[in-house]
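Thanks for coming. I will show one structure and then walk through a few places in it.

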Amino acid sequence: MLSLAFLPKQGVIITRERRYKCQLARNVKCDMNMNTENTSKRQRLYLGIDFGTSGARYALIDDQGNLCSERKRAYPEIGNNKNWATSWKETLFMLLNDIPEEYRPSVASISIDGTSATTLIIDRENGYVLSGPFLYNESFPNALPTVVSIAPENHTVCSGSSTLCKLVSWWELNSSTNRESAVLMHQSDWLLWLLHGVYGVSDYNNALKLGYDPEADAYPKWLASQPYSFMLPSIKAPGTPIAFIKEDIRLQYGFPEDCVVCTGTTDSIAAFLAACASSPGKSVTSLGSTLAIKLLSRVRVDDARYGVYSHRLDDKWLVGGASNTGGAVLRQIFTDEELVILSGKINPSLQSPLDLYPLPKKGERFPISDPNMVPRLEPRPESDVEYLHGILESIAKIEAKGYGLLKELGATAVEEVFTAGGGAKNKTWIKIRERVLGLPVHKAEQTEAAFGAALLAMKAAPCKNIMHGS
């Protein structure tokens with residue numbers, strides 16, 4: 001299970017420097033039932049790799065959660081078109097090669113996160129990609145009627161872009177081919193497989209949109225009874241050891257014999273972990289193009305009407321929702337330079353009299369579910385300072401309503417908010433949100449998903465043994 005106890009405490013400094021001499025790690029012995037060197041005699045480092053939509057990044061941290069090294073790579077073009085699988089594979093090994101040689105012998109464990117519902121169909125006999133990758137935002141409406149007919153009403157899989165729709169679409173369109181050796185892998189599963197070589201292992205965060213029930217910790221009967229159920233991966237908690245790194249890769253890059261490869265997670269979960277919001281009531285608001293909130297709750301909450309669903313984190317739940325308001329509407333009205341100048345002239349302790357609902361276009365999903373909702377951006381005062389003040393405060397009110405809705409649906413009440421995304425840089429906005437929410441609001445020290453993946457790798461390292469292929 002994914003224990004949140006491994007997260008660094010808030011008092012621990014998480015440096016933003018790209019590289020520095022790491023502190024000596026605390027002594028932790030790891031009995032792998034193999035003839036390996038005593039890892040307690042050397043510093044231990046933990047490698048996390050984030051595969052996003054346009055590129056990948058690694059983060060290497062020590063036992064104290066200090067960032068030792070990081071590097072980002074854009075995905076290379078393969079031929080005239082983007083061959084995603086080949087591009088991801090090349091990027092993975094370029095990033096491994098980017099790790100400073102002096103750090104490699106100390107890498108104790110590795111984890112990778114990927115975009116949710118990005119899927120490949122692999123031949124388990126030879127490792128060939130049979131189909132895909134099917135990207136996170138690709139929709140398969142041809143499979144949706146079948147999925148809706150077998151899944152519970154308003155289930156997470158009842159979306160054309162769900163992992164299950166991708167699997168069903170492939171199954172229905174490939175009835176004449178040899179399917180017995182096929183296995184489904186999520187993006188991070190496949191990339192981790194390149195490092196450990198064990199087929200068919202995933203984590204319950206990635207498997208949520210496949211239909212896995214994280215509360216029962218099993219595939220539901222309605223899914224397990226399907227003819228393609230043999231393609232479903234076995235599920236472990238994120239940050240669970242799978243196997244030692246493959247010998248050829250270990251020798252090529254200089255990793256230690258006892259370097260563990262563990263299960264990963266989705267990019268959004270890894271970003272939440274990076275913020276170190278580790279106890280119920282802690283939350284992360286991402287202020288990017290949209291406004292997304294994730295709250296650590298003792299209670300699972302799912303409501304398809306608002307796009308609210310819960311990811312499991314050990315014995316807790318990460319409850320999330322996303323509004324269409326956010327930075328996109330701000331950039332329709334102001335330039336980045338104007339936002340900085342005007343924000344500096346706002347008194348955040350004063351309440352704005354404007355009653356707005358800033359949206360970039362028609363339609364809202366959370367905390368109000370109304371596809372026909374029109375933006376409310378008037379009246380516009382003559383003063384741009386007053387107008388920006390009203391927009392920022394109105395977005396803060398939407399955020400507050402979102403947290404209020406999660407509480408109404410049964411989630412743990414929010415107690416403290418960490419902020420990620422571009423909006424986290426706006427100190428005036430943070431003060432406005434703190435007043436509107438009536439809660440402490442901070443900028444998250446770390447927001448990179450790669451850092452969260454590295455924390456998962458840290459969790460996997462002090463293991464007692466590895467169950468190969470189980």
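This is a predicted model: local features need pLDDT of at least 70, side-chain atom pairs count only at pLDDT 80 or more; totals for chains, interfaces and linings use all residues.

Ser 343 is found in helix H9, which covers residues 336-343. Its side chain makes a polar contact with the side chain of Asn 426, at 3.0 Å. If we leave aside neighbours within four places in sequence, Ser 343 is in contact with Glu 338, Leu 388, Leu 392, Asn 426 and Thr 428.

Now the overall picture. The protein chain has 12 helices and 18 strands. It has 470 residues, and 58% of them count as buried. Take the contacts between residues at least 6 apart in sequence: 69% of these join residues at least 24 apart.

Ser 202 lies in strand S8, residues 201-203. Its relative accessible area is 0%, so Ser 202 is buried. Which side chain does the side chain of Ser 202 meet in a polar contact? That partner is His 186, at 3.1 Å. Not counting residues up to four places away in sequence, Ser 202 touches His 186, Asp 189, Pro 233, Ser 234, Ile 235, Lys 236 and Thr 263.

Thr 263 comes up again with the next residue, Thr 240. Thr 240 touches Cys 262, Thr 263 and Lys 459, again not counting residues up to four places away in sequence. Where is Thr 240? It lies in the loop between strand S9, residues 234-236, and strand S10, residues 241-244. Thr 240 has 17% relative accessibility, and therefore it counts as buried. Thr 240 and Ser 111 are 129 residues apart in sequence, yet their C-alpha atoms are 9.3 Å apart in space.

Let me turn to a pair of helices. Helix H7 is residues 267-274 and helix H12 is residues 449-460. Their axes come within 7 Å and cross at roughly 80°. That angle falls between 65 and 115 degrees, so H7 is roughly perpendicular to H12. On the H7 side, the residues that meet H12 are Asp 267, Ala 270, Ala 271, Leu 273 and Ala 274. On the H12 side they are Ala 449, Phe 451, Gly 452, Ala 453, Leu 455 and Leu 456. What kinds of residue make up the contact of H7 with H12? Nine are nonpolar, one is polar and one is charged.

The last stop is strand S3 and helix H1. Lys 72 lies in strand S3, residues 67-74. Leaving aside neighbours within four places in sequence, Lys 72 is in contact with Ala 56, Arg 57 and Leu 95. Leu 95 is one of the buried residues of H1. The others that are buried there include Trp 88, Phe 93, Leu 96 and Asp 98.

How many residues does H1 have? H1 runs over residues 84-98 and has 15 residues. From its first C-alpha to its last it reaches 21 Å, close to the 21 Å expected at 1.5 Å a residue.

That is where I will stop; please go back to the structure for anything you want to see again.

Technical notes:
Residues are numbered from 1 along each chain as its sequence is written. Side-chain values use heavy atoms; hydrogens and water are left out. Helices (H or I, at least four residues) and strands (E, at least two) are DSSP runs, numbered from the N terminus. Contact means heavy atoms within 4.5 Å. The expected span of a helix is 1.5 Å times one less than its number of residues. Buried means under 20% relative accessible area, exposed over 50%, partly exposed in between (1.4 Å probe, protein chains only). Axes are lines fitted to C-alpha atoms, for helices over the stretch in contact, and angles run from 0 to 180 degrees between N-to-C directions. Angles under 35 degrees count as roughly parallel, over 145 as roughly antiparallel, 65 to 115 as roughly perpendicular and the rest as oblique. Ala, Val, Leu, Ile, Met, Phe, Trp, Tyr, Cys and Pro count as nonpolar, Asp, Glu, Lys and Arg as charged, and the others, Gly among them, as polar. A polar contact is a pair of N or O atoms within 3.5 Å; within protein, one must be able to donate a hydrogen and the other to accept it, and residues adjacent in sequence count only if both atoms are side-chain atoms.
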